[in-house]
Amino acid sequence: MQAPESPKAESVQHGRRWVNVLLGTGVVASIASFLYPAIRYIIPPSVAESTSRSTVAAKVGELKRNTGKIFKFGSKPALLVYTRDGEYKAFSAVCTHLNCTVQYRDDLREIWCACHNGLYDLEGRNVSGPPPRPLETFEVHVQGDDVVVTRNA
Amino acid sequence: MARLYRQILTWLDERFGAGSVEDFLRHKTVPLHRHTIWYYFGGMTLFLFIVQVLTGILLLLYYRPTPNDAFESVQYIVTQVRFGWLIRSVHSWSANLMIFTAFVHMFSVYFLKAYRKPRELTWISGMVLLGLVMGFGFSGYLLPWNTLAFFATKVGTEMAGSVPVIGKWMLIFLRGGEEVTGATLTRFFGFHVAVLPGLATTFLAMHLLLVQRLGMSVPPGVEKGVREGREQARAMPFFPNFLLRDMIGWYAALGVLGALAAVFPWELGTKADPFAAAPAGIRPEWYFLFMFQTLKYIPAKVLFLEGELAGLLGFGAAAVVWVAIPFIDRKAGFGRVTRFFTGLGVFALAYMMVMSALALR
């Protein structure tokens with residue numbers, strides 16, 4: 001290694017450093033400008049959430065007592081239960097544990113998730129197994145022939 | 001014939017340097033001792049990986065990755081295309097056998113302390129490969145777009161979504177949106193046939209290069225025996241002795257594969273319906289069973305954490321420890337076997353087996 005002995009050598013050193021800085025910045029900036037669009041591309045544009053507040057879940061008389069039915073509510077599955085006492089109840093059918101679709105169990109008279117054995121009662125409360133939260137509940141009205149389910153505001 | 005062979009070798013030598021391939025083959029040896037049998041499982045995994053690549057390419061000729069076509073195209077493969085049932089069945093069975101042999105390979109390396117210095121990077125690249133193989137399993141499972149796969153993917157991606165801070169981002173990245181839809185299928189197809197094969201090839205090359213560079217590890221017990229003069233250091237030439245034995249194993253594996261595929265063709269199930277309840281008795285592939293069963297036992301809340309997050313953090317921590325074992329079990333680097341680490345391996349293996357058995361009950 002030689003120490004820079006002349007002012008000329010020193011200015012060459014200085015210039016070289018400058019070139020390195022410029023080159024480095026340029027390379028980093030161009031890599032960033034390639035990566036940014038790619039990363040944005042990976043995340044899909046968000047789809048507008050379906051705004052429908054209510055839907056016809058079933059026809060009157062379609063369900064026997066002590067049975068349930070999965071229906072499409074917006075973009076997600078929901079569950080309509082016709083209880084033994086002749087009452088309609090509706091819930092989100094998406095298990096609060098890990099997103100599986102729940103079903104009505106007539107033998108238990110409870111709502112069951114087959115994936116990890118979670119149970120909810122007919123108020124939607126998580127009563128056993130891993131689910132951390134109750135199911136979202138919806139309002140049910142009978143309008144003429146239709147069983148109409150409405151999302152609470 | 002022999003002359004032609006010599007001529008070709010000379011031609012290659014003139015271009016690659018003096019007999020480098022031949023030299024390499026002549027000098028590579030495999031240690032011979034009472035644990036030599038475990039050396040075969042890495043090669044077996046590699047062989048099954050090659051079977052996966054070949055059958056995968058064949059499946060690509062007919063498979064269509066959209067929610068309307070995926071199930072039907074697989075149905076077409078297994079019912080209409082000549083030997084389609086065989087190709088698809090071999091692909092599924094070979095995938096499962098490959099994961100099994102990879103696990104055997106990993107645990108044998110673990111118990112024989114082959115991860116110890118200087119083979120830390122070989123262990124880490126192996127763990128990356130195991131992760132990739134499980135990624136192959138998870139992404140490939142969805143491709144037939146059947147009910148089981150649909151819910152398995154929902155659960156698996158939802159778990160990724162419960163990771164703190166980046167969870168939501170990961171969920172959307174994996175699903176291609178908020179829900180498991182056709183967008184998810186397209187993505188998983190891309191991962192399965194492009195991203196993962198690229199990564200796997202890279203890490204496989206690294207793994208094999210390290211194995212060539214460092215040679216096969218001799219277990220500490222055998223090393224000690226040799227040092228104390230109780231045993232003799234023996235070795236077998238890799239080419240052709242070990243390779244021929246390897247090939248007998250591969251040939252047998254091919255036989256087992258063919259038999260399994262023919263006698264127990266892989267089921268296709270029913271087409272996924274996003275608006276149907278998860279079917280009773282649903283469970284993931286066997287190599288995810290121990291995690292699945294653990295999730296069932298974890299209550300909704302563990303201390304202040306949600307159950308699924310607690311489980312995920314637990315498995316995450318265990319995985320970090322497992323990958324870092326060469327750096328934690330430092331004494332193994334000096335040829336000393338620590339009971340604790342052997343015990344840890346036994347515990348891990350026992351935990352996985354007991355939990356899987358409980359899930360199958």
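Modeller: Happy to! H5(B) and H6(B) cross in a left-handed way, meaning that the near helix is turned anticlockwise from the far one by less than a right angle (clockwise would be right-handed). Please keep in mind that this is a predicted model, where local features need pLDDT of at least 70 and side-chain atom pairs count only at pLDDT 80 or more, while totals for chains, interfaces and linings use all residues. Residues are numbered from 1 along each chain as its sequence is written, and chains are lettered from A and ligands numbered from 1 in the order in which they are written.

H5 spans residues 84-111 of chain B and H6 spans residues 120-142 of chain B; they pack at an angle of about 160°, with axes 11 Å apart. H5(B) is therefore roughly antiparallel to H6(B), a label for angles over 145 degrees. Angles run from 0 to 180 degrees between N-to-C directions, and axes are lines fitted to C-alpha atoms over the stretch in contact. Helices are DSSP runs (H or I) of at least four residues, strands (E) of at least two, numbered from the N terminus.

On the H5(B) side, the contact uses Ala95(B), Met98(B), Ile99(B), Ala102(B), Met106(B) and Val109(B). H6(B) brings Trp123(B), Gly126(B), Leu130(B), Val133(B), Gly137(B) and Gly140(B). Contact here requires C-beta atoms, placed from the backbone, within 7 Å. By class, nine of these residues are nonpolar, three polar and none charged; Ala, Val, Leu, Ile, Met, Phe, Trp, Tyr, Cys and Pro count as nonpolar, Asp, Glu, Lys and Arg as charged, and the others, Gly among them, as polar.

Now to the core. The largest nonpolar core has 91 residues, of which Leu79(A), Cys100(A), Val102(A) and Cys115(A) touch the most other members. H5(B) gives the most to this core, with 11 residues. Such a core is a set of buried Ala, Val, Leu, Ile, Met, Phe, Trp, Tyr and Cys residues joined through C-beta atoms within 7 Å, buried meaning 20 or more other C-beta atoms within 10 Å. Leaving out residues up to four places away in sequence, Cys115(A) touches Cys95(A), Leu98(A), Cys100(A), Phe151(B), Val155(B), Ala278(B) and Ile282(B).

That brings us to the two chains, where 28 residues of chain B are in contact with 24 of chain A. H7(B) gives the most to the side of chain B that touches chain A, with five residues. That side divides into 18 nonpolar, three polar and seven charged residues.

How values were computed
Angles under 35 degrees count as roughly parallel, over 145 as roughly antiparallel, 65 to 115 as roughly perpendicular and the rest as oblique. A residue is buried if 20 or more other C-beta atoms lie within 10 Å of its own, exposed if 12 or fewer, and partly exposed in between; C-beta atoms are placed from the backbone.
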